[in-house]
Amino acid sequence: MHLRTVLALVAAAGVLAVPVAGAKHANRAVVASAKGDVTWAIPLPNPFGVHVDNDLEFNAKKRADGSVSGWIHYIQTVEGESFEFSIDVTCLEIYDGNRAKLGGIITESNDETVPAGNYGWFSGFDLGKGKKGPRDRSSLLGFGDEAANEAFCASPNLPRFGPWDVKGDIKVKVASPHDDDD
């Protein structure tokens, strides 16, 4: 059984209202963003019974008109076999000012149990800068259909699988009304 088949998450509804920028093109202004390039391992012993290596890179923006754009690239290696996913972002929500929930449609996959056309999602935590501060964190990718993807992003609930400390950096930003990020 593949680890990814265990990771389907069910979430309740609830969305953070994001402030709208007052620029002359306010409907296209970026009101929230999340990006990162991180790796982490889940060594034994763990709930999955196998060592899991993860490599995650992403970049997503949400605009004042509600549109979302961006991408996620995820590689999970389990028992020497790597599974790679490319995802076009369809949802991005920010909670608590530093926690992003992203998800979208899988456009490329080498895993026959989770082919292109399915959805994938995760939660990333921006815990600040500096070597003395806490490390940023990420959940594993969950998989399912469009409804599950949208429910995950819309829910303020913490992820069920993780989060784990990561190596690298996650940046989560909610734009102020004076930012001009267009």
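Trainee: Is aspartate 169 buried, partly exposed or exposed?
Mentor: Partly exposed, at 30% relative accessibility. Bear in mind that this is a predicted model.

Trainee: Which side chain does aspartate 169 meet in a salt bridge?
Mentor: That of lysine 171, at 2.8 Å from N to O. Lysine 171 is partly exposed too, with a relative accessible area of 35%.

Trainee: How many salt bridges does the structure hold?
Mentor: Five. One of them joins aspartate 165 and arginine 137, at 2.9 Å, N to O. That pair links distant parts of the chain, 28 residues apart. Aspartate 165 sits in strand 9 and arginine 137 in strand 7.

Trainee: What about arginine 99, which residue does it form a salt bridge with?
Mentor: Aspartate 96, with the closest N and O atoms 3.1 Å apart. Arginine 99 is buried, at 3% relative accessible area. Aspartate 96 counts as exposed, at 65%.

Trainee: New topic. How many residues are in the largest nonpolar core?
Mentor: It has 32. Trp40, Leu56, Phe58, Ile72 and Leu102 have the most contacts inside it.

Trainee: Which strand gives the largest share of this core?
Mentor: Strand 4, with six residues. Strands supplying at least two residues each include strand 1 (30–42), strand 5 (99–109) and strand 10 (167–174).

Trainee: And leucine 102, what is it in contact with, leaving aside neighbours within four places in sequence?
Mentor: Its contacts include Ala34, Phe58, Ile72, Val89, Trp121 and Phe152.

Trainee: Which residues does the second core include?
Mentor: Tyr119, Trp121, Ala148 and Cys153 are among its six residues. That core is separate.

Notes. Residues numbered from 1 in each chain as written. Predicted model: local features only at pLDDT ≥ 70, side-chain atom pairs only at ≥ 80, totals over all residues. Heavy atoms only, no water. Core = buried A, V, L, I, M, F, W, Y, C linked by side-chain atoms within 4.5 Å. Buried < 20%, exposed > 50% of the residue type's maximum accessible area, 1.4 Å probe, protein only. Helix = DSSP H or I, 4+ residues; strand = E, 2+ residues; numbered from the N terminus. Contact = heavy atoms within 4.5 Å. Salt bridge = Lys/Arg side-chain N within 4 Å of Asp/Glu carboxyl O.
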